[in-house]
Amino acid sequence: MDERLTEASFTKHLNSVFQVRVSSPPPVELKLIEVKGYANGANEESGMERFSLFFNGPGDAHLPQRTYELGHEQLGT
């Protein structure tokens with residue numbers, strides 16, 4: 001996808017399903033439940049957008065903290 005992923009682009013997809021690629025199929029499905037933006041502080045680099053994404057997922061899936069590949073029907077991978 002060529003579109004830059006921003007707070008606004010994720011906000012459009014609140015309550016939609018994302019798939020997390022894990023080592024063994026099938027992928028784990030997560031629902032995007034919140035997008036939280038942060039204002040830049042006085043001593044921080046400008047031109048960068050800071051935001052957090054919060055997901056809900058199945059209680060039986062353990063995803064250790066690390067970087068994961070996410071897929072979405074409209075946003076792509």
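Two residues are said to be in contact when heavy atoms of one lie within 4.5 Å of heavy atoms of the other, and the legends below, which describe a predicted model, begin with one residue and its contacts.

**View 1. Phenylalanine 10 and the residues in contact with it.** Leaving aside neighbours within four places in sequence, phenylalanine 10 is in contact with Leu5, Phe18, Leu32, Val35, Phe51, Leu53 and Leu75. Is phenylalanine 10 buried or exposed? Its relative accessibility is 8%, and because buried means under 20%, phenylalanine 10 counts as buried.

**View 2. The largest nonpolar core.** Five residues make up the largest nonpolar core, namely Phe10, Phe18, Leu32, Val35 and Leu75. In soluble globular proteins, nonpolar side chains tend to be buried together.

View 3. The model has three aromatic pairs. In one of them, phenylalanine 10 and phenylalanine 51 form a tilted pair, with 5.8 Å from centre to centre and 50° between the planes. Phenylalanine 10 is buried, whereas phenylalanine 51, with a relative accessible area of 24%, is partly exposed. Both rings belong to one aromatic cluster, which is formed by Phe10, Phe18, Phe51 and Phe55.

View 4. Because arginine 21 lies in strand β1 (residues 17–21) and glutamate 69 in strand β4 (residues 69–72), the pair ties together parts of the chain that are 48 residues apart in sequence. Arginine 21 counts as partly exposed at 32% relative accessibility, and glutamate 69 also counts as partly exposed, at 44%.

**View 5. A nonpolar patch on the surface.** Which residues form this nonpolar patch on the surface? They are Ile33, Tyr38 and Phe54, which together have about 250 Å² of accessible area. Isoleucine 33, one of the residues of the patch, lies in strand β2 (residues 28–38). With a relative accessibility of 39%, isoleucine 33 counts as partly exposed, a class that lies between the cut-offs of 20% for buried and 50% for exposed.

Conventions:
Residues numbered from 1 in each chain as written. Predicted model: local features only at pLDDT ≥ 70, side-chain atom pairs only at ≥ 80, totals over all residues. Heavy atoms only, no water. Core = buried A, V, L, I, M, F, W, Y, C linked by side-chain atoms within 4.5 Å. Buried < 20%, exposed > 50% of the residue type's maximum accessible area, 1.4 Å probe, protein only. Phe/Tyr/Trp six-rings, centres within 6.5 Å; stacked < 30°, edge-to-face > 60°. Patch = residues over 30% accessible without salt bridge, like charges linked within 9 Å, V, L, I, M, F, W, Y side chains within 5 Å. Areas by Shrake-Rupley, 256 points an atom, 1.4 Å probe, with all protein chains shown as cover. Salt bridge = Lys/Arg side-chain N within 4 Å of Asp/Glu carboxyl O. Helix = DSSP H or I, 4+ residues; strand = E, 2+ residues; numbered from the N terminus.
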